[in-house]
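Okay, thanks for coming, everyone. Let me put the structure up on the screen, and then I'll walk you through it piece by piece.

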Amino acid sequence: MTTSQSSAGSGADLAISLRDATKTFGTKSGKPFTAIHDVTMDVRRGEFVTVVGPTGCGKSTTLSLVSGLEPATVGTVTVDGRPVDGIPDGVGYMFQSDAILPWKTVLDNVALGLRYRKTPAKQAHERARDWIQRVGLAGFEDRYPHQLSGGMRKRVAMAQTLITEPTVLLMDEPFGALDVQTRELMQDELLRLWSGSGAAVVFVTHDLTEAIALADRVVVMTAGPATVKDVVEIDLPRPRKVEEIRLTPAFTDLYRRVWDSLREEVEITRARGASNVA
Ligand SMILES: Nc1ncnc2c1ncn2[C@@H]1O[C@H](COP(=O)(O)OP(=O)(O)OP(=O)(O)O)[C@@H](O)[C@H]1O
């Protein structure tokens, strides 16, 4: 399937909708810089969409329009049917560098997600204990971040985000800094925690294996300014175990399919030279 947009449906089941969204930044030189161009993409409630594209093409910028951190210059962006104007309710984020505070314990860090939303301390701590258990960190409530492994810190970050029960979860290379084995563990954890949550996820990654293993659909973006080049449906059965599913012939076919689409864009980006995309 080759489409010029990622259209998942319409109406009430849409959690996220971008329509011809373009983002142009002002620069010091005075020459405007267009980071993404005419991006049209829908994500249904409960759907897991991953986004791949060449380095610097505009993937994070796309997320920042959905999160309300940046307004679209042209086009429309809606979350839960409402135009994005500032940070929408019900949106959770996870980035490569986590938002864990080194001077707070695991319990306080996880509770922070709720404390920022004015939940009383006692209630926030009760729910934090529950989430710490769900992410497999029971017994580590009183540890500080420097006493944790990279994977454990990610579990804290995941609990901190998921405790707010976001309806839209935006993830920008959240496992990018982890070693391969820990990354696969965290991918499985994420799928387990997400399944049945009803959250719509947009997950940006450079790792095609990760993109395919997690997704219902993979959106392939062009060299910058990014637009949607292709959307690949991932019809692999769920529940999935990443280390098992990536060895199946169906997975290999999908990998080839996504890479065939992405390769040309990566080559265009390489030909332009790193200095133009940094
Ligand atoms: N605030 C800004 N002002 C000017 N240019 C920006 C701004 N934010 C991003 N850009 C530029 O927009 C382009 C897209 O950046 P973005 O971070 O969205 O790409 P990306 O695909 O997420 O990158 P990567 O793959 O390296 O993570 C880049 O050339 C970047 O320098």
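Before I list who touches whom, one definition: two residues are in contact here if their C-beta atoms, placed from the backbone, lie within 7 Å. And please keep in mind that this is a predicted model.

So let's start with a pair of helices. Gly150, Gly151, Lys154, Met158 and Leu162 in helix 4 meet a set of residues in helix 5, namely Thr182, Leu185, Met186, Glu189, Leu190 and Leu193. How do the two helices sit against each other, then? Helix 4 covers residues 150–162 and helix 5 covers residues 180–194, and they pack at an angle of about 20° with their axes 10 Å apart. Because of that angle, helix 4 counts as roughly parallel to helix 5. The crossing, for those who like handedness, is right-handed.

Helix 4 has another partner, and that's helix 2, residues 106–115. Here the angle is about 35° and the axes are 6 Å apart. Again, helix 2 passes helix 4 in a right-handed crossing. On the helix 2 side you'll find Val106, Asn109, Val110, Leu112 and Gly113, and on the helix 4 side Val156, Ala159, Gln160 and Thr161. That contact comes out as five nonpolar, four polar and no charged residues.

Now stay on helix 2 and look at helix 3, residues 121–134. These two pack at an angle of about 120°, with their axes 8 Å apart, and their crossing is right-handed. From helix 2 the contact takes Val106, Leu107, Val110, Ala111, Leu114 and Arg115. From helix 3 it takes Ala121, Ala124, His125, Arg127, Ala128, Arg129, Trp131 and Ile132. By class that's ten nonpolar, one polar and three charged residues.

Okay, let's zoom out to the domains. The domain assignment gives domain 1 as 1–85 + 168–173 + 197–278, and domain 2 as 91–165. Their centres, taken over C-alpha atoms, are 27 Å apart. Where they touch, domain 1 puts in eight residues and domain 2 puts in six residues. Which element gives the largest share of the domain 1 side? That would be strand 7, residues 168–172, with five residues. The domain 1 side as a whole has five nonpolar, one polar and two charged residues.

Next up, the ligand. There are 14 residues around it, and the closest are Phe25, Ala35, Lys59, Ser60 and Thr61. Strand 2 (33–44) and helix 1 (59–67) each supply at least two residues of that shell. Helix 1 gives the most, with three residues. What's the shell made of, by class? Five nonpolar, eight polar and one charged residues.

Most residues other than glycine have a negative phi, and most peptide bonds are trans. With that in mind, have a look at Asp20, a non-glycine residue whose phi is positive, near 45°. You'll find Asp20 in strand 1, residues 14–25.

Then there are the cis peptide bonds. One runs from Gly224 to Pro225, with omega near -5°. Pro225 sits in the loop between strand 9 (217–221) and strand 10 (228–233). Another cis bond joins Arg238 and Pro239, and there omega is about 0°. Pro239 is in the loop between strand 10 and helix 7 (242–245).

Technical notes. Residues numbered from 1 in each chain as written. Predicted model: local features only at pLDDT ≥ 70, side-chain atom pairs only at ≥ 80, totals over all residues. Domains from an automatic or database assignment. Helix = DSSP H or I, 4+ residues; strand = E, 2+ residues; numbered from the N terminus. Nonpolar A, V, L, I, M, F, W, Y, C, P; charged D, E, K, R; others polar. Axes fitted to C-alpha atoms, helices over the stretch in contact; angles between N-to-C directions. Parallel < 35°, antiparallel > 145°, perpendicular 65-115°, else oblique. Left-handed = near helix turned anticlockwise from the far one by under 90°. Near = placed C-beta within 6 Å.
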